[in-house]
Amino acid sequence: MATRTKRHPLRIWRGPERPYDLITEGTIAVIVVALLCILAASLWGSPDGGLTDPGGPKSPAGQAFSAKYWDVNDPSDLAQTAVQELLGGTTTAGYGPPFNQTTGASQEFIGIKPAEIAKFIFGLTLPINTANDFVLAPVSQLAAPSSPAVAAAVGRYKAAGGDLSPGAAAGQVASSQQTTWLNNYAKALAASSAKFTPTSITVSAGNYGPVPTIIAAELAIADDGSLDGYFQGSQQQLSTNTYMATMFFSDSTLWETIAEAQGVGGDQWGVMNELWNFPGQVWLWLYSGMYQIPALNPSNNANLDLDVGLLMIVFGFLLPMFAPWIPVINRIPRWIPLYKIIYRKYYASMAGGQPPTEVPGAPAPPPSPPGGGSATLPRPAGR
């Protein structure tokens, strides 16, 4: 077998050549990809079908979940969720950092709690007080100015105690007096005799304090759309930060019911799915797939989100970065030689003998002068 020599870059190339028009190739690529996207969207695109399956609460095509939609379709759920927000009994109230100071809520791995460490360094980055942010503040700003009864109810409720500071722990949101009112009213709302409309609630008489007036006001501002405007409010001209409303909505039952009906619940591959049986973001399969691993016990694992996050770091970042040095993993390309398909033209050219060589008799580049200085090429004869 002949010895191959390395071709000097200044010698003349005798390999295959072909013309290449970058503008033409780029234009063709854009047109082809655009047509493929249109075809794929028409065949597999997600339907703009609103919020529910046929037979569920109706919504216009493309409508997003809102406080108004929630109130119109399930005022009972809105009222009961608002009571739990005042009580500090929702998922958001007991989430812990970065939303509140609730102790024992942070997920941990071998005794390490990253959320608590982040809180120690940065504090609460998104402080939420569910009683104030989701109920009392919007009612005070939107309903109380035009209703003396609502203003008096809010004043009486606040005078009964409770911690309304940003990020207060779930157990401190309501005082003992407020807890008595709220628990009594929660039982009344759950009774079969309770009647609801989008703007009113009828329950049996009881020791509820000012709570019924406040909850009725919450339904009223949800019904007229002002509660949605409140959650979307921002000092900026355009606001895309809707985390406050999302946290409130996610504490409801209707939110989860709609998600499960559309096949986008956590146990249904969540964010990777689109509506019903239509495919969604395929690049999220690794993240969504982690939640389906039986060994992680997705149905009863208080640290599931942290476990998934750590696995994403391992499989999504560390493994690809260090794969060439990991035994067995670094042998996979030899067992599954996809590289031979990618470089098939190169291997085909090598099968017949030597790779293309330089032109016979072409002048060799001048040797480098001693000491590493640059050499001056000789000027061709006749010039």
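**Exercise 1.** Is Pro 298 buried, partly exposed or exposed?

Solution. Start with the ground rules. This is a predicted model, in which local features need pLDDT of at least 70, side-chain atom pairs count only at pLDDT 80 or more, and totals for chains, interfaces and linings use all residues. Residues are numbered from 1 along each chain as its sequence is written, and side-chain values use heavy atoms, with hydrogens and water left out.

Now apply the cut-offs. Buried means under 20% relative accessible area, exposed over 50%, and partly exposed in between (1.4 Å probe, protein chains only). Pro 298 has 32% relative accessibility, so Pro 298 counts as partly exposed.

Pro 298 sits in the loop between α12 and α13. Helices (H or I, at least four residues) and strands (E, at least two) are DSSP runs, numbered from the N terminus. Leaving aside neighbours within four places in sequence, Pro 298 is in contact with Tyr 291, Gln 292, Ile 293 and Leu 304. Contact means heavy atoms within 4.5 Å. Gly 266 is 32 residues from Pro 298 along the chain, and their C-alpha atoms are separated by 9.1 Å.

**Exercise 2.** Check the span of helix α1 (residues 22-44).

Solution. The expected span is 1.5 Å times one less than the number of residues.

Then look at the N-terminal end. Asp 21 caps α1 there: a side-chain oxygen lies 3.2 Å from the backbone nitrogen of Ile 23.

**Exercise 3.** Describe the largest pocket and its lining.

Solution. Begin with the definition. On a 1 Å grid over the protein atoms alone, a pocket is an open set of points where a 1.4 Å probe fits, with protein on both sides within 12 Å along at least five of seven lines; lining residues have an atom within 4 Å of a point.

The largest pocket holds about 1800 Å³ of space. It is lined by 49 residues, and the closest to its centre are Ser 250, Trp 255, Gly 265, Gly 266 and Asp 305.

Sort the lining by class. It has 24 nonpolar, 19 polar and six charged residues. Here Ala, Val, Leu, Ile, Met, Phe, Trp, Tyr, Cys and Pro count as nonpolar, Asp, Glu, Lys and Arg as charged, and the others, Gly among them, as polar.

α4 (114-122), α10 (243-250), α11 (253-262), α12 (285-290) and α13 (304-322) each supply at least two lining residues. The largest share, six residues, comes from α11.

Ala 259 is in α11. At 18% relative accessibility, Ala 259 counts as buried. Not counting residues up to four places away in sequence, Ala 259 touches Val 264, Gly 265 and Gln 268.

**Exercise 4.** Which residues have a positive phi although they are not glycine, and where is there a cis peptide bond?

Solution. Recall the background: most residues other than glycine have a negative phi, and most peptide bonds are trans.

Asn 297 has a positive phi of about 55 degrees. Asn 297 lies in the loop between α12 and α13 and, at 34% relative accessibility, counts as partly exposed.

Val 328 has a positive phi of about 75 degrees. Val 328 lies in the loop between α13 and α14 (332-335) and is exposed, at 53%.

The cis bond joins Pro 97 and Pro 98, with omega about 10 degrees. Pro 98 lies in the loop between α3 (75-87) and α4.

How values were computed. A polar contact is a pair of N or O atoms within 3.5 Å; within protein, one must be able to donate a hydrogen and the other to accept it, and residues adjacent in sequence count only if both atoms are side-chain atoms. Grid points are joined across faces, edges and corners, and a volume is the space filled by probe spheres set on the points.
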